[in-house]
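The following exercises concern one predicted model. Please examine the sequence and the structure before reading each worked solution.

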Amino acid sequence: MSEPAANTRLRLEAAFDDHYTDVVAFLRRRLPAESVQDAAADVFLVAWKRIDEFPDGLPRNWLLGVAYRVASQAYRGTRRRRRLEEELSRQRQAVSADIEDEAAARDEVDVVFAAMQEISRSDRDLIQLAALDGLSHAEIGEIIGTSTENVAVRLSRARQRLRTRVEEIGESS
Amino acid sequence: MMRDEELDELIRAAYEPLTRDLPGPDSPEATEIRRRILQPASRHVAFRPRLVLAAVLVLFAAGAATWGLLRDVERPIARCLSAVHPDADIVGLAPDGAPTPELCEPAWLDGALTNPEVEPGTVPDLVGCVDDGVLVVIPASDPSACYLLDLEPAAEPEPGSPVADLASVRGELRRFTLQYDCPDFDAVTTEAERLLAEAGLSDWTVEVRDGPEPCASVAVDEASSTFIIVPIPPRPPGG
């Protein structure tokens with residue numbers, strides 16, 4: 001193997017060591033378990049093709065941006081989106097049901113998850129990037145390609161719509 | 001009202017069950033991905049346009065002349081792919097004017113291109129990629145999907161930018177109206193308002209024009225940031 005190729009391989013290995021779990025967690029919150037492996041492969045394939053652009057190592061947030069786009073790709077089409085959302089809910093429910101000692105606290109959390117599945121995908125994306133992935137408005141803006149101010153406004157509206165949906169579900173149950 | 005921090009805490013708790021027992025970087029899953037990526041030649045996946053010629057001929061025979069797209073075979077060919085995959089079916093086109101991803105919409109509507117994930121007779125999100133100067137249009141919602149085929153994204157607005165948001169709304173609305181031979185005014189207006197709100201384009205408005213024709217179509221006046229719902233005659237059946 002030539003030196004540049006070996007160096008590229010080492011940098012990809014480093015990216016795996018540093019970010020693989022983050023990428024898989026990011027994808028797992030958005031995709032059913034059986035889709036995560038292929039999606040993660042797509043993310044690191046893109047990473048490998050672009051790795052020369054990042055001589056100091058692949059930034060975590062850049063990889064999450066790729067993962068965001070790969071997950072978005074999986075949600076293309078209404079029927080496919082509904083199927084993925086239903087499967088994700090089913091898998092989450094299956095895990096949660098095993099945890100009997102958390103039953104008391106689960107109701108409110110379940111309502112929030114249900115509401116997250118029912119709001120628009122664009123609202124859910126923003127809320128997930130902020131609340132689950134811990135990204136700042138500026139970092140979210142870089143990933144979805146918009147300004148920090150736009151993220152702040154859209155995220156505020158998205159959270160409000162989520163609160164409304166949580167209340168509606170809570171009142172109806 | 002619940003504060004942002006409280007809401008976020010509940011959201012994290014809601015998704016936590018999904019991320020238990022994740023594989024680590026040394027797991028068999030990660031090793032398999034490494035193997036897939038690092039095997040020789042995978043960095044330069046061959047883009048195999050094996051169906052281009054056949055597809056062009058079939059289209060020609062099937063009446064592609066009615067599209068007015070194959071009059072000059074010397075023009076650069078645009079390729080419409082059925083999937084984001086090197087072995088996808090391909091419809092080749094020789095367009096008049098600058099090729100754009102919208103060129104491929106008729107191929108989806110007519111069933112020349114199909115994909116199990118796309119409802120027959122509908123158009124998926126389309127993204128333009130570039131392969132040696134030739135436009136390659138794939139069913140994807142984001143330009144980075146081009147990299148999966150070892151292609152470069154065609155120059156397009158950055159996803160999520162106001163320009164991209166507007167283009168997305170226009171595309172969604174066009175697809176919405178294409179579902180009907182005679183789109184209903186109220187339905188198109190409501191859909192336009194919904195899409196604009198969802199895209200955060202709060203400075204855009206929707207205006208309805210009166211007229212004798214019964215069906216709704218959409219025009220866009222970018223100067224005044226207005227989507228104008230205009231009356232048109234019904235589309236001929238199958239047209």
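**Exercise 1.** Which residue in S2(B) does B:Cys80 stand opposite?

*Solution.* Some conventions come first: the model is predicted, local features need pLDDT of at least 70, side-chain atom pairs count only at pLDDT 80 or more, and totals for chains, interfaces and linings use all residues. Residues are numbered from 1 along each chain as its sequence is written, chains are lettered from A and ligands numbered from 1 in the order in which they are written, and side-chain values use heavy atoms, with hydrogens and water left out.

Step 1. Locate the strands (DSSP runs of E, at least two residues; helices are runs of H or I, at least four residues; both are numbered from the N terminus). Strand S1 of chain B covers residues 78-81 and pairs with S2(B) in the antiparallel sense over four bridges. Two strands count as paired if DSSP finds at least two bridges between them.

Step 2. Read across from B:Cys80: the residue opposite is B:Val91.

**Exercise 2.** Determine the strand order of the open sheet in chain B and identify the strands at its edges.

*Solution.* Step 1. The five strands follow the order S2-S1-S4-S3-S5, with mixed pairing.

Step 1. Strand S2 (90-93) and strand S5 (152-153) of chain B each have a single partner strand, so one side of each is without a neighbour in the sheet.

**Exercise 3.** Describe the contact between chain A and chain B.

*Solution.* Step 1. Chain A contributes 62 residues and chain B 56 residues, where contact means heavy atoms within 4.5 Å.

Step 1. The two chains bury about 5400 Å² between them, 60% of it on carbon and sulfur atoms. Buried area is the accessible area (1.4 Å probe) that two parts lose on being put together, summed over both.

Step 2. Five salt bridges are found across this interface. A salt bridge is a side-chain nitrogen of Lys or Arg within 4 Å of a carboxyl oxygen of Asp or Glu.

Step 3. The elements giving two or more residues to the side of chain A that touches chain B include helix H1 (3-28) and helix H8 (148-172) of chain A.

**Exercise 4.** Which residues form the network of salt bridges that includes A:Arg159?

*Solution.* Step 1. A:Arg159 and B:Asp8 meet through their side chains in a salt bridge (2.8 Å, N to O).

Step 1. Another salt bridge joins the side chains of B:Asp4 and A:Arg163 (2.4 Å, N to O). B:Asp4 lies in helix H1 (residues 4-15) of chain B and A:Arg163 in helix H8 of chain A, so this pair joins two chains.

Step 2. The network links A:Arg159, A:Arg163, B:Asp4 and B:Asp8.

Step 3. Compare exposure, with buried meaning under 20% relative accessible area, exposed over 50%, and partly exposed in between (1.4 Å probe, protein chains only). A:Arg163 is buried at 8%, whereas B:Asp4 is partly exposed at 33%.

**Exercise 5.** Is B:Arg34 buried or exposed, and with which residue does B:Arg34 form a salt bridge?

*Solution.* Step 1. B:Arg34 has a relative accessible area of 11% and is buried.

Step 1. The partner of B:Arg34 is A:Glu13, with the closest N and O atoms 2.4 Å apart. The pair crosses from helix H2 (residues 28-38) of chain B to helix H1 of chain A.

Step 2. A:Glu13 counts as partly exposed, at 22% relative accessibility.
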